[in-house]
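Here is a friendly briefing to read alongside the structure. Please keep the viewer open, and follow the chains topic by topic.

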Amino acid sequence: MTKLHIETTINGEPREFLCDSHETLLSALRNGLGLTGTKEGCATGDCGACSILLDGRLVPACLVLAPEAQGRAVTTIEGLSSGDALHPLQQKFLEHAALQCGVCTPGFIVAAKALLDAKRNPSEDETRYWLAGNLCRCTGYDKIIRAVLDAASEMKESAI
Amino acid sequence: MTTPREFKYVGTRPIRHDGVDKVTGRASYGADVVWPGMLHGFVLRSPHAHARIVSIDTRAAEATPGVKAVLTGKDLPETTATIALGEAAIDLRDVGDNMLARTKVLYHGHAVAAVAATTIDIAREAAEKIQVVYEVLEPVTGIDRAIAADAPILHPALRTKGAASPGAAGPTNIASRLEFKRGDVDAAFAEADVVVEREFRTPMVHQGYIEPHACIARCGEDGRAVVWCTTQGPFVVRDACAAIAGLDPAHVKVIPSEIGGGFGGKIVVYLEPMAIALSRKAQRPVKMVMGRDEVFRATGPTSGSRVRVKLGAKRDGTLVAATASLWYEAGAYRGSPVGAGAMCALAAYKIPSFFIEAHDVVVNKPKVAAYRAPGSPIAAFAVESVVDEIARELKMDPIELRLKNANAEGDKAPYGPKYGPIGLKQILEAARNHPHWTSPLAANQGRGIAVGFWFNAGMNSSATVILDTDGSAAVVTGNPDIGGTRAAQAIMVAEELGIPVERVRPGVGDTDGSGYTDLTGGSRVCYATGMAVIRAAEDVRDQLKARAAQIWNVAVDAVGWENGRAIPPAGTEKAEAMTVAGLAAKMAHTGGPIVGRASLYAPMAGPAFGAHICDLEVDSETGQSKVVRYTVFQDVGRAVHPGYVEGQMQGGAAQGIGWALNEEYIYDADGVMENAGFLDYRMPVASDLPMIDTVIIEVPNPLHPYGVRGVGEVPIVPPLAAVANAMRDATGIRFTELPLSPPRVLEAIEAASAVSVGA
């Protein structure tokens, strides 16, 4: 079985990896590249635990083949904080106690980043529908939604 | 009466200590580690719901390049061991059989063999080469079939345990039957002015944790094993692995990973002993990770049920009589939570005469596992629906009806003991006085209320508090942190030592690094393990006082303690109050390091009640419904970290709403689950729910130094009936079967309108 050689950009850094033609990007990130912050909850695109950005677009990494990353830019949860500063979404999740077990958290934060990239001031309804592809079984979503709305309002203020 | 203690840290909302790791993706869960040289394990599962295993031929799999070990039930010893778990016990023979079938497969997805290979693809392909010859048997897919006279028998040796029905001495699928009674029920019903009787059904539902089961194990030539896994109970895993894999428990160490949800479903073992046995054969570490369909088919769920409830009341609303007949599916092996369901069913009410019977029924579906307040939500769905009907018959406010009959301190619980201080009346009064209860409803909306009860658990806990020379402290317990317990434990140490909560490092120990501790479950961690943490911190404080006494050359008893400082007795020369940091800096010269420890067995816990108000909007053209407002009232004793207490209340409510509206195991006639994925097993998503409001009521639990009660389980108990009662209010229809999914609701609405048109 011949492995494919893929050149891509992950969290701003050029990266290369080898993968099988049928391997998912999720598997390549977790197993080949050691980026285990992206989680597998279902492998069928239903839970959002493996949310990543591919050229800025929100996708479940379990439904992307690893070779599709060739020449593209991938952003994972590991790429959100900069230096010693958390992303405002990460900070607000902590302040609002918006995680319990924490396994869905990276996917929610990446999906919420995609929302705030697309819309600076989302309503509660827009936030709920945008995040409807991410399952959380612990929180009932209340504190997650509050954290995202709070982060949005803080990022809007700091942008002014 | 003692003055209520004033707290400095308890009741605050510090950022959890494990939080940054979890929002940055650095935290390591079950499937996140790689061990050098590790193999990948894959499980071959039964395509039949009920069949005898005639033969298994593994030769082709073993001959596949890259395959290092193949395992079948014959490779594991039979065990008769059990693990005590509160009042229940885990039968490890059944756990072992459930993990890997020996002679019969008892549900679709039951494991029959496992392969370890150098890649997961090779392991999967090799598993498909294993030849299993089955003699297929008729599946028993529900309670009605299981108890029919001509039903196929799952376990030929099974006999009904407990108060048996007449004539049930031979082979049966009814594993146990028990009764609770008080007073003369027939006479009491004869005196009732209003009697309502209904029969309810609920399907199996899954805990739905987002992280699938995962582990990695290595077992060396010396028979010593190390297991890394996602679990609620590392000590349970250790003892189960030893018994099932045939190892000395002294030679097994279990390291709990971060855990991505459990809700009771990550207590028993499904993979770990297999990974050990494969590793023992291959002499390399073996990693095993379940897919989501395996999680649905072969782990969890909780029981499907049939429950008949009859209540009698006087015209003034006084409940006088009750009967309840509970039938719960255990899945493939005995042990449904029907006993707990029977004990919880009437826990809220003073009813002078009742009779409750409870049946544990085996069926060809996965063996049920604990799920948040196991057994109680099913019973509450039935009882609280009938209470709602009684209120309607009497034209009485449903909160007033419940208040009139509510148990309070000193009343005898239906399951035996007298209640200590409980907050049932307080939560009902809070609900009555809350603006939600009297706010206007829009068109097509209805409002429902229901209450729920859970015992909560105590059991075994240990804690160690380690003081550092800089005056900071570490606290270690054996409870995996499933929802913020590290933060609560750090708050407790900060409170006792008077050091900032940020200077406490809370940690989860492995089975060698912490004293024996029962599982994370039973709403026991903040209560029982919290008590051990408080006592261990007190131990440190006592040692610090002794060091101060030594420095000042005074008697220990004369040393005071205020705000994190040792206070010298009045008149001591040249002595000034010393902080924890000041005393810690002198540890080396005053006797060496300071470690505080405590271990305890808490036989009792503070039981808890919750009340939920649900507003539901129903689309009569599609049967679709949506929760538009929801408020949770709960007596939590004392909220140590209110943010995570609210989170438990909200999360439990959301799970219960899912159970009420959408979730169900759907089986075909052959006993094959048809919806083993998140697309078709429909858990609530963010757009399904409104904000879930919480009202924390604090009636201190006298068994805990701060008054803490367990919090995690109660909130899943009321929603099933709260939602169904709201549906009744919105549509005029009493639904007795869950879930209230659009097709079921639409059919009932159309049937009701056909009747009214016909009339």
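This is a predicted model: local features need pLDDT of at least 70, side-chain atom pairs count only at pLDDT 80 or more; totals for chains, interfaces and linings use all residues.

In chain B, S10(B) and strand S18 (residues 353-362) run antiparallel and are joined by eight bridges.

**The six-stranded sheet of chain B**

- S10(B) and S18(B) belong to an open sheet of six strands, ordered S9-S10-S18-S17-S16-S11 in chain B, with mixed pairing.
- The edges are taken by S9(B) and strand S11 (194-202) of chain B; each has a single partner strand, so one side of each is left without a neighbour in the sheet.
- At the S9 end, strand S9 (residues 161-162) of chain B runs parallel to strand S10 (residues 174-182) of chain B, and two bridges join them.

**The four-stranded sheet of chain B**

- A second stop in chain B is an open sheet of four strands in the order S22-S21-S20-S26, again with mixed pairing.
- Which strands stand at the edges here? They are strand S22 (504-508) and strand S26 (595-602) of chain B, and each has a single partner strand, so one side of each lacks a neighbour in the sheet.
- On average, and with direction ignored, neighbouring strands of this sheet are turned by 15° against each other.
- Strand S20 (residues 459-467) of chain B pairs with S26(B) in the antiparallel sense, over eight bridges.
- Ala463(B) has Ala598(B) as its bridge partner in S26(B).
- Helix H16 (residues 525-552) of chain B lies across S20, strand S21 (473-477) and S26 of chain B, and runs at about 145° to S26(B).

**Domains of chain B**

- The domain assignment of chain B gives three entries: domain 1 (19-26 + 458-602), domain 2 (39-138 + 207-298) and domain 3 (433-450 + 606-759).
- Between domain 2 and domain 3 of chain B, the C-alpha centres lie 35 Å apart.
- Eight residues of domain 2 of chain B are in contact with nine residues of domain 3 of chain B.
- The side of domain 2 of chain B that touches domain 3 of chain B has two nonpolar, three polar and three charged residues.

**Domains of chain A**

- Chain A is divided into domain 1 (4-79) and domain 2 (88-159).
- Taken over C-alpha atoms, the centres of domain 1 and domain 2 of chain A are separated by 21 Å.
- How many residues does each domain bring to the contact? Domain 1 of chain A gives 14 residues and domain 2 of chain A gives twelve residues.
- On the domain 1 side of chain A, strand S3 (residues 51-54) gives the most, with three residues.
- By class, the side of domain 1 of chain A that touches domain 2 of chain A has seven nonpolar, six polar and one charged residues.

**A helix pair in chain A**

- Helix H2 (residues 88-95) and helix H3 (residues 105-118) of chain A pack at an angle of about 130°, with their axes 10 Å apart.
- H2(A) and H3(A) are therefore oblique to each other, and their crossing is right-handed.
- H2(A) makes the contact with Leu89(A), Gln90(A) and Phe93(A), while H3(A) uses Thr105(A), Ile109(A), Ala112(A) and Lys113(A).
- The residues of this contact of H2(A) with H3(A) divide into four nonpolar, two polar and one charged.

**Where the chains meet**

- In the contact between the chains, 42 residues of chain A meet 43 residues of chain B.
- On the chain A side, the elements that give two or more residues are H2, H3, helix H4 (124-130) and helix H5 (142-159) of chain A.
- H2(A) provides the largest share of that side, four residues.
- The side of chain A that touches chain B has 22 nonpolar, twelve polar and eight charged residues.

Methods:
Residues are numbered from 1 along each chain as its sequence is written. Chains are lettered from A and ligands numbered from 1 in the order in which they are written. Domain bounds come from an automatic or database domain assignment. Two residues are in contact if their C-beta atoms, placed from the backbone, lie within 7 Å. Ala, Val, Leu, Ile, Met, Phe, Trp, Tyr, Cys and Pro count as nonpolar, Asp, Glu, Lys and Arg as charged, and the others, Gly among them, as polar. Axes are lines fitted to C-alpha atoms, for helices over the stretch in contact, and angles run from 0 to 180 degrees between N-to-C directions. Angles under 35 degrees count as roughly parallel, over 145 as roughly antiparallel, 65 to 115 as roughly perpendicular and the rest as oblique. A crossing is left-handed if the near helix is turned anticlockwise from the far one by less than a right angle, and right-handed if clockwise. Two strands pair if DSSP finds at least two bridges between them.
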